[in-house]
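Me: I would like to learn how to read the features of a structure model. Please take me through this one step by step.

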Amino acid sequence: ELKTRIGALDAAVCGIDAGANVEGQAVYVRDHVRPHMTALRGAADALEIIVDKETWPMPSYGEMMFNITT
């Protein structure tokens, strides 16, 4: 599911019209890209719960929020 959602997001991003004005691009992103981002996040969140912490390649939200290093 994650790979499918990544592909859908990539396709939506590729659909942004580089020649459109900024407002047109923003409307497209709101209507076409953002829903795919939300769906992708849902799939990633579900995987984060079931994949072993040592195997998960990305920091969790908790790690990003509370273990900030400089």
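Me: In which helix does threonine 38 lie?

Reply: This is a predicted model, so every reading is a reading of a prediction. Threonine 38 lies in helix 2.

Me: Is threonine 38 buried or exposed?

Reply: Exposed means over 50% relative accessible area. Threonine 38 has 55%, so the residue counts as exposed.

Me: How far apart are threonine 38 and isoleucine 16 in sequence and in space?

Reply: They are separated by 22 residues in sequence, and their C-alpha atoms are 18 Å apart in space.

Me: Let us turn to pairs of helices. What describes two packed helices?

Reply: Two numbers do: the angle between the axes and the distance between the axes. In this structure, the axes of helix 1 (residues 2–14) and helix 2 come within 9 Å and cross at roughly 165°.

Me: How are helix 1 and helix 2 oriented to each other, roughly parallel or roughly antiparallel?

Reply: An angle over 145 degrees counts as roughly antiparallel. Helix 1 and helix 2 are therefore roughly antiparallel. As for handedness, helix 1 passes helix 2 in a left-handed crossing.

Me: Which residues of helix 1 meet helix 2?

Reply: On the helix 1 side they are Leu2, Arg5, Ile6, Ala8, Leu9, Ala12 and Val13. Their partners in helix 2 include Tyr28, His32, His36, Met37, Leu40 and Leu47. By class, this contact of helix 1 with helix 2 has 14 nonpolar, two polar and one charged residues.

Me: Where does glycine 7 lie, and how far is glycine 7 from histidine 36 in space?

Reply: Glycine 7 lies in helix 1.

Me: Where is glycine 15 found, and how far is glycine 15 from alanine 44 in space?

Reply: Glycine 15 is found in the loop between helix 1 and helix 2. Glycine 15 is partly exposed, with a relative accessible area of 36%.

Me: Now for charged side chains. How many salt bridges are there?

Reply: The rule for a salt bridge asks for a side-chain nitrogen of Lys or Arg within 4 Å of a carboxyl oxygen of Asp or Glu. By this rule there are four salt bridges. One of them joins arginine 5 and glutamate 1, at 3.1 Å from N to O.

Me: Which residue forms a salt bridge with arginine 41?

Reply: The partner is aspartate 45, with the closest N and O atoms 3.3 Å apart. Both residues lie in helix 2 (residues 22–50), four residues apart, which is about one turn of the helix. Arginine 41 is partly exposed at 45% relative accessibility, and aspartate 45 is partly exposed at 26%.

Me: How far apart are aspartate 45 and serine 60 in space?

Reply: Their C-alpha atoms are 9.1 Å apart in space, and the two residues are 15 residues apart in sequence.

Me: What do the side chains of glutamate 63 and lysine 53 form?

Reply: They meet in a salt bridge, at 3.5 Å from N to O. This pair links distant parts of the chain, with glutamate 63 in helix 3 (residues 61–66) and lysine 53 in the loop between helix 2 and helix 3, ten residues apart. Glutamate 63 has 28% relative accessibility and so counts as partly exposed. Lysine 53, with a relative accessible area of 59%, is exposed.

Conventions. Residues are numbered from 1 along each chain as its sequence is written. This is a predicted model: local features need pLDDT of at least 70, side-chain atom pairs count only at pLDDT 80 or more; totals for chains, interfaces and linings use all residues. Side-chain values use heavy atoms; hydrogens and water are left out. Helices (H or I, at least four residues) and strands (E, at least two) are DSSP runs, numbered from the N terminus. Buried means under 20% relative accessible area, exposed over 50%, partly exposed in between (1.4 Å probe, protein chains only). Axes are lines fitted to C-alpha atoms, for helices over the stretch in contact, and angles run from 0 to 180 degrees between N-to-C directions. Angles under 35 degrees count as roughly parallel, over 145 as roughly antiparallel, 65 to 115 as roughly perpendicular and the rest as oblique. A crossing is left-handed if the near helix is turned anticlockwise from the far one by less than a right angle, and right-handed if clockwise. Contact means heavy atoms within 4.5 Å. Ala, Val, Leu, Ile, Met, Phe, Trp, Tyr, Cys and Pro count as nonpolar, Asp, Glu, Lys and Arg as charged, and the others, Gly among them, as polar.
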